[in-house]
Amino acid sequence: MSLSRPEHAARPRKALYLTALLVVTNFLVVFDGLVVTVALPTVQRGFDMSQVGAQWVMTAYMLPLGGMLLLGGRCGDRYGRRRVLTTGLGLFTVGLMLAGLALTPWLLLVGRALQGVGAALAVPTSFATISSRPDAGDRDRTFAAVAVAGGLGAAGGAVVGGAVIQGLGWRYVFLLSVPVAACAFLSAPKLLPGHRPRGHPDGLDLPGAALSVAGLMILVYGIAGVEHAGLASPVVLGSLAGSVLVFLIFISHERKAAAPLIRPEVLHVPSFRTSALAMPANEFSYQGTVFIGLLFFQQALGYSPLAAGLAFCPLGIVVLAGSPLTKLLLRRYRWTIIASCAQFLSACGFVLLALASPSARYVPHILPGLLILGLGTVVGAVTFNVAAGKDLSANEKGVGYGLFETAKYVAGVLAIACLGSIAAARTAHMDAADQATALAAGYRLAFLVAAGIAVLGGLVTALLGDDQKGSARERPGTVRAPRSRRDVS
């Protein structure tokens, strides 16, 4: 008996370390995305880059990340999550080092591309790992912790990025993250289960993987170009048309493939299908809050970049409070009720921000809308993340979260492109006495559009629902279709 006590005592510690690893993985991805946005003007000046060249610093990261999330999730199912997550963290770490030490623009772009590939492998695999944890309480706590990490990464990215750039230079935006990423990379093989999944004798569908990556990359490139070139641009329209063509070929191939990249059973799971369709609206709200909010504070209200970043700090505090609140709500209510109410709450926050004028004061006029938005988005995010994988079989969770994260990521890119274009178009058509009033009118319309998207997401969740009539807590690792139940480690 005494020999088993140390082993028994070590299990909670290992579970805690595994949670920390998964939280750090997602924090790094969220933090990197925002902090590099803050550093972009300084990077452009440092390399004497054109506006187009500077945009490629973001695009080189966005394209592989958005294009390979689905493939990254399936690789975790096929080759084992420990191997794929470790590889992703390794590539991300190398990319950070290369970007931080780059002496030429092309080395910087290579480093950014490696970061995107690494993140695409790590993110869906980490979510699949969380969803595969046997204890429902552990799953909910870990998803809540990941949401906290994402909120802190977003809220702190602007503040930390501005401070690091002013004090140390843009290279340290990358280099300061290297030790954290390296520790995660070295810890992953020791903390993650090493069992290799079974049930994929036909291997990876390489043609389907290539088609999915190509279609998603073209789609992300087209959407990202809307903000700068406009929707009617030949490049944007050509990219969107090209992505549609590639996806049609992909669908045709998947129907005939012996081992398709996305098995039909995955799309037939109600909880996953509803989450994948409704979560993009929640992500649209979140990205709209961060992107449009930062611009609104600086351009319409006259905040400095640092003040705008500090103004978003309460968002991170709300995330800290909202994550454990979501865990309690999931014990009492159906997840569809929680998620739809969260979307409607986010819409109310957007409406409050839309009512703010250029002379609005922060505490009475701005802060309430931010707090409501933060609560709505974090409750929605945690709930959708839990629901997306709860009824998928263990060896389909990776591709399920790959598809889920792809839909979420595309929605984020779409939010930045569309809301920025809507605000700019409205401002240009305003016949206002001063620029601040015109800018406020543009952002007001963007906030109202985001509110409408949030309402749409709430309606989708409420109407589609989850046709499992039992508790919101189903036994993990099950799929309705009997032929999709496979025993995996």
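Me: What is Val43 in contact with, leaving aside its neighbours within four places in sequence?

Reply: In this predicted model, Val43 touches Met49, Val57, Leu108 and Trp170 once those sequence neighbours are left aside. Contact here requires heavy atoms within 4.5 Å. Val43 is also listed with Leu21, Leu108 and Phe272 as the residues with the most contacts inside the largest nonpolar core, a set of 98 residues. Helix α1 (residues 4–47) gives the most to this core, with 13 residues.

Me: What makes a set of residues a nonpolar core, and which residues does the second core include?

Reply: The members must be buried residues of the nonpolar kinds, joined through side-chain atoms within 4.5 Å. The second core is separate and has 34 residues, including Leu34, Phe297, Leu353 and Ala360. As general background, nonpolar side chains tend to be buried together in soluble globular proteins.

Me: How much of the chain is buried, and which kinds of secondary structure does the chain have?

Reply: Buried residues account for 55% of the 489 residues. The chain has 18 helices and zero strands. Among contacts between residues at least 6 apart in sequence, 82% join residues at least 24 apart.

Me: Why is Arg133 called buried?

Reply: Its relative accessibility is 9%, and the label needs a value under 20%, so Arg133 counts as buried. Arg133 sits in the loop between α4 (105–131) and α5 (136–167). Apart from neighbours within four places in sequence, Arg133 is in contact with Ala15, Leu18, Thr19, Asp138, Arg139 and Thr142.

Me: Is Asp48 buried or exposed, and how do you know?

Reply: Asp48 has 70% relative accessibility. The cut-off for exposed is over 50%, so Asp48 counts as exposed. Asp48 lies in the loop between α1 and α2 (51–79). Its phi is positive, at about 55 degrees, although Asp48 is not a glycine. For background, most residues other than glycine have a negative phi.

Me: Why are Val38 and Ser304 called partly exposed?

Reply: The label covers values between the 20% and 50% cut-offs. Val38 has a relative accessible area of 28%, so Val38 is partly exposed. With 39%, Ser304 is partly exposed too. Ser304 is in the loop between α12 and α13 (305–311). Ser304 and Leu294 are ten residues apart in sequence, with their C-alpha atoms 9.9 Å apart.

Me: Why are α17 and α18 called oblique to each other?

Reply: The axes of α17 (residues 397–428) and α18 (residues 435–464) cross at roughly 140 degrees and come within 8 Å. Roughly antiparallel would need an angle over 145 degrees, so α17 and α18 are oblique to each other. Their crossing is right-handed. Among the residues making the contact are Leu419, Ile422 and Arg426 of α17 and Leu439, Tyr443 and Val449 of α18.

Me: What makes α12 and α16 roughly antiparallel?

Reply: Helix α12 (residues 270–300) and helix α16 (residues 362–390) pack at about 155 degrees, with axes 9 Å apart. The cut-off is over 145 degrees, so α12 and α16 are roughly antiparallel. The crossing of α12 and α16 is left-handed. The contact includes Phe272, Tyr286 and Phe297 of α12 and Leu373, Gly380 and Phe384 of α16.

Me: How do you know that α8 is roughly parallel to α17?

Reply: The axes of α8 (residues 206–224) and α17 cross at roughly 20 degrees and come within 8 Å. Angles under 35 degrees count as roughly parallel, so α8 is roughly parallel to α17. Contact residues include Leu216, Val220 and Ile223 of α8 and Tyr409, Val413 and Ala417 of α17.

Me: What is the span of α7, and which of its residues are buried?

Reply: Helix α7 (residues 178–191) reaches 20 Å from its first C-alpha to its last, close to the 20 Å expected for its 14 residues at 1.5 Å a residue. Val178, Ala181, Ala184, Ala188 and Leu191 are buried in α7. In general, residues three or four places apart on an α-helix point the same way, because there are 3.6 residues a turn.

How values were computed: Residues are numbered from 1 along each chain as its sequence is written. This is a predicted model: local features need pLDDT of at least 70, side-chain atom pairs count only at pLDDT 80 or more; totals for chains, interfaces and linings use all residues. Side-chain values use heavy atoms; hydrogens and water are left out. Helices (H or I, at least four residues) and strands (E, at least two) are DSSP runs, numbered from the N terminus. The expected span of a helix is 1.5 Å times one less than its number of residues. Buried means under 20% relative accessible area, exposed over 50%, partly exposed in between (1.4 Å probe, protein chains only). Axes are lines fitted to C-alpha atoms, for helices over the stretch in contact, and angles run from 0 to 180 degrees between N-to-C directions. Angles under 35 degrees count as roughly parallel, over 145 as roughly antiparallel, 65 to 115 as roughly perpendicular and the rest as oblique. A crossing is left-handed if the near helix is turned anticlockwise from the far one by less than a right angle, and right-handed if clockwise.
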